[in-house]
Amino acid sequence: QVQLVSSGGGLVQAGGSLRLSCVGSGSTFRTYVLGWFRQAPGKGREFVAVINWSGSMTYLEDPLKGRFTVSRDNAKNTVYLQMNNLKPEDTAVYYCAAKQALPPTNVATMRTSVHYDYWGQGTQVTVSS
């Protein structure tokens, strides 16, 4: 079991950047595949990114490639979402999620919320125009 605590959200102007962090508890953090999702007001939860155990494989939704990157530091039990050139449509609550899985799981297939067992509390990102 892992507990996730996310942070780093805030209010930023369009074109700005934010880096979200999500810290996991326990000594088995490196055995979890980690994902990021977001939920805008009145909309469903949307997949953003996923990263495998070592950080060697990542997958992001096509519209976000080039602006968002996902990374992790297993020594710090932390996964990051770097968001650049933010747009008002990026405004949402961002959630990190975890699924304990073993290689050779193809993390690119883990793009829906049902794949994940553990969730952080969410952090609000607001982008003003």
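Is asparagine 77 buried or exposed? Asparagine 77 is buried, because its relative accessible area is 17%. Here buried means under 20% relative accessible area, exposed means over 50%, and partly exposed lies in between (1.4 Å probe, protein chains only).

This is a predicted model: local features need pLDDT of at least 70, side-chain atom pairs count only at pLDDT 80 or more, and totals for chains, interfaces and linings use all residues. Residues are numbered from 1 along each chain as its sequence is written, and side-chain values use heavy atoms, with hydrogens and water left out.

**Two asparagines in loops**

Asparagine 77 sits in the loop between E7 and strand E8 (78–83). Strands (E, at least two residues) are DSSP runs, as are helices (H or I, at least four), and they are numbered from the N terminus. Asparagine 77 is not a glycine, yet its phi is positive, at about 55°. Asparagine 85 also has a positive phi, near 50°, and is a residue other than glycine. Its place is the loop between E8 and E9. Asparagine 85 counts as partly exposed, at 41% relative accessibility.

**The sheet**

Four strands form an open sheet in the order E1-E3-E8-E7, with antiparallel pairing. Two strands pair if DSSP finds at least two bridges between them. Strand E1 (4–7) and strand E7 (68–73) stand at the edges. Each has a single partner strand, so one side of each lacks a neighbour in the sheet. From one strand to the next, the twist averages 15°. The axes behind such angles are lines fitted to C-alpha atoms (for helices, over the stretch in contact), and angles run from 0 to 180 degrees between N-to-C directions. E1 and E3 are joined by four bridges in the antiparallel sense. Leucine 4 has glycine 24 in E3 as its bridge partner.

**The disulfide**

A disulfide is a covalent bond between the sulfur atoms of two cysteines. The rule used here asks for a pair of cysteine sulfur atoms within 2.5 Å. By this rule there is one disulfide. It joins cysteine 22 to cysteine 96, with S to S at 2.0 Å. The torsion about the S-S bond is about 55°, so this disulfide is right-handed. Cysteine 22 lies in strand E3 (residues 18–24) and cysteine 96 in strand E9 (residues 92–100), so the pair ties together parts 74 residues apart in sequence.

**Aromatic rings**

Rings of Phe, Tyr and Trp (its six-membered ring) pair if their centres lie within 6.5 Å; planes under 30 degrees apart count as stacked, over 60 as edge-to-face and the rest as tilted. The whole structure holds six aromatic pairs. In one of them, phenylalanine 37 and tyrosine 116 have ring centres 5.4 Å apart and planes at 80°, so the pair is edge-to-face. Phenylalanine 37 lies in strand E4 (residues 32–39) and tyrosine 116 in the loop between E9 and strand E10 (118–119), so the pair links parts 79 residues apart in sequence. Phe37, Phe47, Tyr59, Tyr116 and Trp119 make up one aromatic cluster.

The table lists the accessibility of the paired residues.

| Residue | Relative accessibility | Class |
|---|---|---|
| Cysteine 22 | 0% | buried |
| Cysteine 96 | 0% | buried |
| Phenylalanine 37 | 1% | buried |
| Tyrosine 116 | 4% | buried |

**Threonine 123**

Threonine 123 belongs to strand E11 (residues 123–128). Threonine 123 is buried, with a relative accessible area of 10%. Leaving aside neighbours within four places in sequence, its contacts (heavy atoms within 4.5 Å) include Ser6, Leu20 and Tyr94. Its side chain reaches the backbone nitrogen of glycine 9 at 3.1 Å.

Conventions. A polar contact is a pair of N or O atoms within 3.5 Å; within protein, one must be able to donate a hydrogen and the other to accept it, and residues adjacent in sequence count only if both atoms are side-chain atoms.
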